[in-house]
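Hello,

Here is the structure you will be working with. Please open it first, then read my notes below.

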Amino acid sequence: MPVVPVHDVNVAVIYYSSTGTVAELARLIADAAEHAGADVRLRRVAELAPRSAVDANPAWAANVAATADILEATHDDVLWADAVLFGTPTRFGNVTSQLKQFVDTLGGLWQQGRLADKVYSGFTASATKHGGQESTLLALYNTVHHFGGILVAPGYTDPAKFTDGNPYGTSHVGGPDTPVDAEAATAARVQAERVVRFAKAVKAGLATTS
Ligand SMILES: Cc1cc2nc3c(=O)[nH]c(=O)nc-3n(C[C@H](O)[C@H](O)[C@H](O)COP(=O)(O)O)c2cc1C
């Protein structure tokens, strides 16, 4: 029986964030994935809102300034990745137009079959407790099926998931008085470790069949 090599894996964390909550989750997930042994690219998608809208909201403007050094996501980041974690705040229970716009530009790669066989997962934030976190992640995951991706959700695979209660992905109820906390940080770590573990398994498995 041939020995299956343990491959290094590339993880792209690609997110949109207006006021910084999802940006913070993205940073935690990227750090945890790196700690789990992955090469990581942390990338934000392009802002579509006019500058006047950003400047009218101090938290939004502050996040734009704080994340200016994070590179904008490109198609190469997705091609490079064995696993992609997409992050988006909820917008009326749905994915933000900014992240969706980036995803929609991937159509050419989808047509060539180059988005398939990768691991995908997602994370989100809302302003209210039942404000659509799960529907946002499920909407995001529709796309994964079209990609032919391998969806790796956290499920209740770690005791911590029974505390945060979101088996679909890391999430946080964010706001000025509720910064990302230890519970969300733990969820981020659990999800990142699981994604890296399965990205390694998928990569090693595919290497034996191609
Ligand atoms: C247009 C719009 C729609 C939103 N829809 C929802 C919603 O359906 N449910 C909710 O709880 N929060 C909603 N929010 C709030 C954001 O999802 C929430 O503030 C989130 O934490 C922002 O993440 P960010 O700090 O990464 O931008 C909405 C915000 C905007 C601007």
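**What I found**

The side chain of Asn63 reaches the backbone oxygen of Ser18, at 3.0 Å. Please keep in mind that this is a predicted model.

Let's stay with Asn63. This residue is part of helix H3, which covers residues 58-66. Is Asn63 buried or exposed? Its relative accessibility is 7%, and the cut-off for buried is under 20%, so Asn63 counts as buried. Which residues does Asn63 touch, leaving aside neighbours within four places in sequence? They are Ser17, Ser18, Thr19, Gly20 and Ala23.

Next, the ligand. It is surrounded by 16 residues. The closest are Ser17, Thr19, Val22, Thr90 and Gly131. Ser17 and Thr19 are also in the contact list of Asn63.

Here are three polar pairs to look up:

- Thr19: a polar side-chain atom lies 2.4 Å from an oxygen atom of the ligand.
- Phe92: a polar backbone atom is 2.8 Å from a nitrogen atom of the ligand.
- Gly131: a backbone N or O atom lies 2.7 Å from a nitrogen atom of the ligand.

How much of the ligand does the protein bury? Taken alone, the ligand exposes 650 Å², and the protein buries 75% of that. S3 gives the most, with three residues. By class, the shell has five nonpolar residues, 10 polar ones and one charged one.

Strand S3 also holds Phe86. Phe86 has a relative accessibility of 2%; buried means under 20%, so Phe86 counts as buried. Now find Gly169. Phe86 and Gly169 are 83 residues apart in sequence. In space, their C-alpha atoms are 10 Å apart.

Last, the wider view. An unreviewed UniProt entry places the feature "domain: Flavodoxin-like" at residues 11-203. Over residues 11-203, the chain is 46% helix and 19% strand. The end C-alpha atoms of that stretch are 12 Å apart.

Best wishes

Technical notes: Residues are numbered from 1 along each chain as its sequence is written. This is a predicted model: local features need pLDDT of at least 70, side-chain atom pairs count only at pLDDT 80 or more; totals for chains, interfaces and linings use all residues. Side-chain values use heavy atoms; hydrogens and water are left out. Helices (H or I, at least four residues) and strands (E, at least two) are DSSP runs, numbered from the N terminus. Buried means under 20% relative accessible area, exposed over 50%, partly exposed in between (1.4 Å probe, protein chains only). A polar contact is a pair of N or O atoms within 3.5 Å; within protein, one must be able to donate a hydrogen and the other to accept it, and residues adjacent in sequence count only if both atoms are side-chain atoms. Contact means heavy atoms within 4.5 Å. A residue is near a molecule or strand if one of its heavy atoms lies within 4 Å of it. Accessible areas come from the Shrake-Rupley method with a 1.4 Å probe; for residues, only the protein chains shown count as cover. Ala, Val, Leu, Ile, Met, Phe, Trp, Tyr, Cys and Pro count as nonpolar, Asp, Glu, Lys and Arg as charged, and the others, Gly among them, as polar. UniProt positions are given in the numbering used here, feature names are shortened, and annotations may be inferred rather than shown by experiment.
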